[in-house]
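Biologist: Could you walk me through reading this model, one feature at a time?
Modeller: Gladly. Have it open beside you and ask as we go.

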Amino acid sequence: MATTYSQIGSTVTVGAGGSATISFSSIPSTYTDLVLKVSARYSAAGPFDTRLTFNGNTSAVYAMKSVNGAGSGVPGSASESAGVSTWFGAVQGVTASTFNNVELYIPDYTSTTMAKSASTEHVNEANQVDARGYLITQLWNPSTQAVINTISISVSSGTFTQYSTATLYGIKKN
Amino acid sequence: MAEVLTAIEVNCTTGEVIERPLNAEELAQREIDMAAHAIEVAEREAAEAAAAEAKASAQAKLAALGLTADEIAALSK
């Protein structure tokens with residue numbers, strides 16, 4: 001793994017003022033797959049979502065399905081379009097100083113013939129019953145398929161708080 | 001003074017990291033996302049409330065037929 005799993009660019013660490021968007025641009029096409037790891041917390045109580053955007057494309061060419069489970073109760077599910085994913089960061093007010101863990105995997109991001117899929121594992125950290133784990137699948141299917149060169153995550157209300165981090169990795173298969 | 005919302009951008013080729021204010025297009029998209037999510041949350045909560053109400057009604061009807069609480073619980077396992 002060590003020889004094929006490389007950090008791309010630098011880790012973003014959000015400063016004291018917070019940030020509404022984190023982007024990685026000019027992603028080199030020299031890898032096979034991409035992995036985005038995020039540790040995030042929101043400044044607002046919501047309602048909000050985190051928009052995942054490829055190449056700055058905010059058209060309604062995205063789809064998302066998710067399943068989630070908490071410490072108790074019936075597992076939930078969600079389905080949305082327009083590139084919106086749910087619960088990317090911990091809600092402000094849920095256990096203080098906790099940050100969510102998110103890993104987004106994007107295979108075959110350099111294809112110019114196939115739609116791009118992304119799978120996300122996500123834990124909504126909270127020291128309470130409603131701490132949730134999520135599995136999310138997303139699809140980006142523009143009319144003309146393109147190499148992914150920019151990945152952005154944007155929170156729709158408030159900001160990612162100070163100390164939220166995001167790191168992008170490239171995976172090169174041998 | 002109004003809060004200035006910012007974006008942090010990492011250029012993966014040059015290594016440059018910049019922090020800049022959101023532009024008008026990004027602010028407009030943010031408003032759209034917020035409104036869309038508020039609707040989605042309201043719809044989801046309404047659906048969950050309806051499902052919970054239907055479940056409670058069904059359990060009450062089963063109890064009226066003579067099923068014990070354990071028997072009713074066993075049906076949903």
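Biologist: In what order do the elements of chain A run from the N terminus on?
Modeller: This is a predicted model, and in it chain A runs β-β-β-β-β-β-β-β-β-β-β-β. The count is 12 strands and 0 helices.

Biologist: What share of the contacts in chain A join residues at least 24 apart?
Modeller: Taking contacts between residues at least 6 apart in sequence, 79% join residues at least 24 apart. One pair to look at is Q138(A) and Y62(A): they are 76 residues apart in sequence, while their C-alpha atoms are 7.0 Å apart in space.

Biologist: How should I read the two faces of a strand?
Modeller: The general idea is that side chains in a regular strand alternate between the two faces of the sheet. For the case here, take strand β10 of chain A, residues 132–140. Its covered face holds R132(A), Y134(A), I136(A), Q138(A) and W140(A). The uncovered face holds G133(A), L135(A), T137(A) and L139(A).

Biologist: Why does Q138(A) count as buried?
Modeller: Q138(A) counts as buried because it has 22 C-beta neighbours inside 10 Å, and the cut-off is 20 or more. This residue is part of strand β10 of chain A.

Biologist: Which strands pair with β10(A)?
Modeller: Strand β5 of chain A, residues 62–70, runs antiparallel to β10(A) and is joined to it by 9 bridges. On that side, G69(A) has G133(A) as its bridge partner. Strand β9 of chain A, residues 116–124, also pairs with β10(A) in the antiparallel sense, over 9 bridges. There you can find T120(A) opposite I136(A).

Biologist: Which residues is L168(A) in contact with?
Modeller: Setting aside neighbours within four places in sequence, L168(A) is in contact with I8(A), G9(A), F24(A), L34(A), L36(A) and I151(A), and also with C12(B).

Biologist: That brings us to the other chain. How many residues does each chain bring to the contact?
Modeller: Chain A brings 29 residues and chain B brings 23. On the side of chain B, β1 (6–11), β2 (17–21) and α1 (24–64) each supply at least two residues. The largest share, 10 residues, comes from α1(B). By class, this side of chain B has 11 nonpolar, 6 polar and 6 charged residues.

Biologist: Where do strands of the two chains pair?
Modeller: Strand β2 of chain A, residues 21–25, and β1(B) pair in the parallel sense over 5 bridges. Look for F24(A), which stands opposite V10(B).

Biologist: And what span does α1(B) reach?
Modeller: From its first C-alpha to its last, α1(B) reaches 60 Å with 41 residues, close to the 60 Å expected at 1.5 Å a residue. This helix is hardly covered, with a count of 3 buried residues among its 41. R30(B), D33(B) and H37(B) are buried there. After α1(B) comes G66(B), with a positive phi near 110°.

Technical notes:
Residues numbered from 1 in each chain as written. Chains lettered and ligands numbered in written order. Predicted model: local features only at pLDDT ≥ 70, side-chain atom pairs only at ≥ 80, totals over all residues. Contact = placed C-beta atoms within 7 Å. Helix = DSSP H or I, 4+ residues; strand = E, 2+ residues; numbered from the N terminus. Buried ≥ 20, exposed ≤ 12 C-beta atoms within 10 Å, placed from the backbone. Pairing = 2+ DSSP bridges. Nonpolar A, V, L, I, M, F, W, Y, C, P; charged D, E, K, R; others polar. Expected span 1.5 Å × (residues − 1).
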